[in-house]
Amino acid sequence: MASLGHLIAGVAHELNTPLGVCITAHSHLISVVEDIENKTQSGVMTRSYFDDCIASIMDATSLLESNLSRSRHLISSFKKLAINPNDQTISKFNLANLISEIQLNFSLILANQGVLIKFMYAEDIEVETYAEPLKLVLEQLIRNSLEYGFSHGSGIIYICIIEGEDCLDIDYRDDGKGIDENIRNRIFEPFTTTGRINGKVGLGMHLVYNLVTQVLNGSITLLDSKMGAHFNIVISKNAKEMKNLNDILGAYTGAKPD
């Protein structure tokens, strides 16, 4: 309940600013339009005053557009937190194909920023799990490295994936500036960010945590590192078997005695 209260308070706080601006801009628009109507009906409207009103209207509509767009982006981010594994699709795929997609998606920004990703894994790793959530986890970690770890320079991201009997061990690290000590203990909590001044919400790592623990049946740990950010992720290699087990357990614990 405490976590839910914190999340709701955070959502309200983040939405309050752009919606507050929209309300103010809307009130200003009404005032300007009423003023135009009054001056037009009384016959005292001048061309210069009319031009000033049009400029004011354009400024207000620009504020409305930007802040409504931010509100829409925030709501879209909040919706991602409501993760239901039953809405996800399990598929069997080669890990190399998923990694190739990630490399293609980031190829341009990596080149522009001078950042190199070094993947270390066996080419023949086959998994049966949720491909899109796994892809989202890796992409969000990469985005964080690019935005925070290498915000002022180039660097290297290392992603080592080791196949176990029942799980995948993913070691993710970069040689960037690392994670601020002030947020390390709450890195997976919602609205935790050092980039709020730049409009960042701080939901990325919370989303990663939810995807890993709720969908991919795994765990994620922030490790101490002198080089940069360092995470260890362990996920189930066969989510289908785990899903079936959860269904059986759920049916058993939900059964009512006669």
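This is a predicted model: local features need pLDDT of at least 70, side-chain atom pairs count only at pLDDT 80 or more; totals for chains, interfaces and linings use all residues.
## A guided tour, from the whole fold to single residues

Residues are numbered from 1 along each chain as its sequence is written, and side-chain values use heavy atoms, with hydrogens and water left out.

Followed from the N terminus, the elements run α-α-β-α-β-β-α-β-β-α-β-β-α. Of the 258 residues, 38% count as buried, meaning under 20% relative accessible area, with exposed over 50% and partly exposed in between (1.4 Å probe, protein chains only). The protein exposes about 15,300 Å², of which carbon and sulfur atoms supply 54%; such areas come from the Shrake-Rupley method with a 1.4 Å probe, and for residues only the protein chains shown count as cover. Among contacts (heavy atoms within 4.5 Å) between residues at least 6 apart in sequence, 74% join residues at least 24 apart.

**Select helix α3, residues 95-113.** At 1.5 Å a residue, its 19 residues should span 27 Å, and the end C-alpha atoms are 26 Å apart, which agrees; the expected span is 1.5 Å times one less than the number of residues. Look next at S107, where a kink of about 55° is centred, the bend being the angle between axes fitted to the seven residues ending there and the seven starting there. Just after the helix, G114 takes a positive phi of about 75°.

Now show the side chains of the buried residues of α3, which are L95, A96, L98, I99, I102, F106 and L110. What covers them includes strands β1 (90-94), β2 (115-120) and β4 (155-163), together with helix α4 (131-149).

**Move to L138, in helix α4**. At 1% relative accessibility, L138 counts as buried. Not counting residues up to four places away in sequence, L138 touches L98, I102 and I170. L138 and I99 are 39 residues apart in sequence, yet their C-alpha atoms are 9.2 Å apart in space.

**Stay in α4 and select G149**. This glycine is buried, with a relative accessible area of 15%, and, leaving out residues up to four places away in sequence, G149 touches N144, G176 and K177. From G149 to G178 there are 29 residues in sequence and 5.9 Å in space, C-alpha to C-alpha.

**Turn to S71, in helix α2 (residues 47-80)**. S71 counts as buried at 4% relative accessibility, and its side chain reaches the backbone oxygen of N67 at 2.9 Å. Beyond its neighbours within four places in sequence, S71 is in contact with L15, P18 and L19.

C160 counts as partly exposed at 23% relative accessibility, and C167 is partly exposed with a relative accessible area of 28%. How many disulfides does the structure hold? It holds zero, with a disulfide taken as a pair of cysteine sulfur atoms within 2.5 Å.

Definitions and conventions. Helices (H or I, at least four residues) and strands (E, at least two) are DSSP runs, numbered from the N terminus. A polar contact is a pair of N or O atoms within 3.5 Å; within protein, one must be able to donate a hydrogen and the other to accept it, and residues adjacent in sequence count only if both atoms are side-chain atoms.
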